[in-house]
Amino acid sequence: MQQGVEQQEVGKEELASVTQIILAMIKTSKALRIYLPNNPVLIGFIADLGTRMTLHLARYGELTLDVEPFTLRYQGAQVYENKDPKESMASRLHADGIRTMFFDQGVEPAEIVAFLGVVGFERPSSDDDVVTQLWERNLQHIGYLTEDDFSDPYLLREAGDADQQQEALDRIREALVHQPPPAPRMIPKHLLMLTAEEEAWLRKAVDVEGRCNGLDDVIGILAGIVSEVQELELFADFTAILGNLTVNLVLAGDISHALKLARFLDRLQKLPTTEPEQRQLLAAALAAVLSDATVEVLRVALDSAEASIDYVQLKELLLILGIPSLRAICELLGRVEKLKVRKLIVEVLVELGQEKPAVFEPFLSDPRWYLVRNVVLILSLIGTPAALKMILGLITHREPRIRREVLGFLERTSDAKAKTYLLKYLRDESSPLRIKALQVLTRERLPFALKPIMALAGADDFQERPPEEKKEIFLALGELGRESVLPMLREQLLKRYWFQKGNEKESVQLAVLALGRIRNKAALELLEEARGQKKGGEVRSMLDQAIASHTGRERNRGGTR
């Protein structure tokens, strides 16, 4: 266009600004094809483009682009090139005779969107050309010069003065800007008259049209094409389009429409008439819906206070995506923070893993303890022998919080064989977990635990255990052992500690706790025997209280009878 004119060196920052504007135009143009006008993704693209354009015009003045068949140039520097005629913005402009585009200060985002709505789409052959459509929109701050405009004598003059040529361009633009708009065409009055029936039909049609969603139409058209096409190559192309659209809908937070597409792809995949090669393509499209990008977008949307995602629809979508997307669904479970959402994802994973819980095995070694904990919960809800076996393998996990989750499962399960694994916790390195296991064994009165607990009480390291754990050991002995542990308790009560009165007090205290759980005549006699040998002090007082409590319970029991 202006190759004959000597160009000034354009600054790097200025050229970068123009390049970013062109990239933003391309991105917005593509978004206009996919998203509805109220979609937040599209709105964000438009706002970004408007901001970049405003800043550039304020800093550098008018933005002028020279149009070549497949290229746009700014002051001689190439800022855009696309040699695909169906996709090239430059090609559409050049083919209709436009040789220069300019954007003035004050241009509004709505004007830029209107401009992209004309040049960003391949026009059907029946539509008006680009020049006509831009003229009809009467964009106040966006102008252009066509090939015909350059027939002005000033531009054809063979002069080497660049200022003269620029002056000619300015004069042509000024004339175009001030050219009055065409007078409106008058519509004959009789054409505006409607009958009552016509008016009612028109109102109903407008109402129906207003409630229609353009995206539904697009989905319906694409689904219809995929359902009918037979050629594998075409089927692959349109399946990929549907898959990409589903991904974009998830990224936009439109779970409702993403679910519609996923349902269609899933049903088509399961039809007996669908060929194996087609099934593979459909399965691949569904498997690609959840990726690191979509998982993170979903995580942000689900944790947002303003989230408007329908959880029922989200659950159905995740179930359709199924086992091929298990890693991504587990990743979402590991990232999301809302308890309600985590519960929903757990329900999905329980349903997906019901038949084959082994699919969760890779996640049991995940470094994130909270994800492993959730997988333990999922396996416990599945509850099959295979799931139980996987859980029990975590009893010795290095992370105490995971071992606690497994202990919680053993507490809740009704599987008698699984209960025996509680004994492993008696040797756990964590005292709180040992205490919890003792409490469960005591509360459920599991007789197989008596011998291991007696071994704990007589072990060399017993004195090194925390006081609370010692108390739980003797409470368990009294609850589980009853009369069988009386000889051991007698020895505990009567043992002398000549130079360790603190140890003697603790020994008696622990024995009294165990006898308090036995509550029979033999236990009372043992307490009285011990009192007869203790001459005074705290130990004697402790035994007096235990005897009084025991006697009082017996008296109350007799009165009740």
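**Figure 1. Contacts across the whole predicted model.** Among the contacts in the protein with a separation of 6 or more, 64% are made by residues 24 or more positions apart. The model shown here and in the views that follow is predicted. Its secondary structure comes to 27 helices and five strands, and of the 561 residues of the protein, 42% count as buried.

**Figure 2. The open sheet of five strands.** The strands of this open sheet follow the order β3-β2-β1-β4-β5, and their pairing is antiparallel. Strands β3 and β5 (142-146) stand at the edges and have a single partner strand each, so one side of each is left without a neighbour in the sheet. From one strand to the next, the twist averages 25°. Helix α1 (residues 12-34) packs on the sheet, where α1 touches β1, β2, β3 and β4, and the direction of α1 makes about 15° with that of β3.

**Figure 3. Strand β1 and its pairing with β2 and β4.** Strand β1 (residues 63-67) runs antiparallel to strand β2 (residues 71-74), to which two bridges join it, and a hairpin of three residues leads from β1 to β2. β1 also pairs with strand β4 (residues 98-103), again in the antiparallel sense, over four bridges.

Figure 4. Four bridges join β2 to strand β3 (residues 77-81), and the two strands run antiparallel. Which residue of β3 is the bridge partner of Arg73? The partner is Gln78. Two residues lie between β2 and β3 in this hairpin, and Gln75, which is in the turn, has a positive phi of about 50°.

**Figure 5. The packing of helices α22 and α23.** Helix α22 (residues 450-457) packs with helix α23 (residues 467-481) at an angle of about 145°, and their axes are 10 Å apart; the crossing of these two helices is left-handed. On the α22 side, the residues that meet α23 are Leu450, Ile453, Met454, Leu456 and Ala457, while on the α23 side they are Ile473, Phe474, Ala476, Leu477, Leu480 and Gly481. Sorted by class, this contact has ten nonpolar residues, one polar residue and no charged residues.

**Figure 6. The buried residues of helix α22.** Leu450, Ile453, Leu456 and Ala457 are the buried residues of α22. Why do they lie on the same side of α22? They cover an arc of only 120° around the axis, and this puts them on the same side of the helix. What covers these buried residues includes α21 (431-443), α23 and α24 (486-494).

**Figure 7. The surroundings of Ser380.** Ser380 is found in helix α17 (residues 369-382). Because its relative accessibility is 15%, and buried means under 20%, Ser380 counts as buried. When its neighbours within four places in sequence are left aside, Ser380 is in contact with Ile391, Phe409 and Arg412.

**Figure 8. The surroundings of Thr274.** Thr274 lies in the loop between α11 (255-270) and α12 (276-287). With a relative accessibility of 6%, Thr274 counts as buried. Leaving its neighbours within four places in sequence out of the view, Thr274 is in contact with Leu268, Gln269, Arg279 and Leu282.

Note on methods. Residues are numbered from 1 along each chain as its sequence is written. This is a predicted model: local features need pLDDT of at least 70, side-chain atom pairs count only at pLDDT 80 or more; totals for chains, interfaces and linings use all residues. Side-chain values use heavy atoms; hydrogens and water are left out. Axes are lines fitted to C-alpha atoms, for helices over the stretch in contact, and angles run from 0 to 180 degrees between N-to-C directions. A crossing is left-handed if the near helix is turned anticlockwise from the far one by less than a right angle, and right-handed if clockwise. Contact means heavy atoms within 4.5 Å. Ala, Val, Leu, Ile, Met, Phe, Trp, Tyr, Cys and Pro count as nonpolar, Asp, Glu, Lys and Arg as charged, and the others, Gly among them, as polar. Buried means under 20% relative accessible area, exposed over 50%, partly exposed in between (1.4 Å probe, protein chains only). The arc is that of the directions from the helix axis to the C-beta atoms. Two strands pair if DSSP finds at least two bridges between them.
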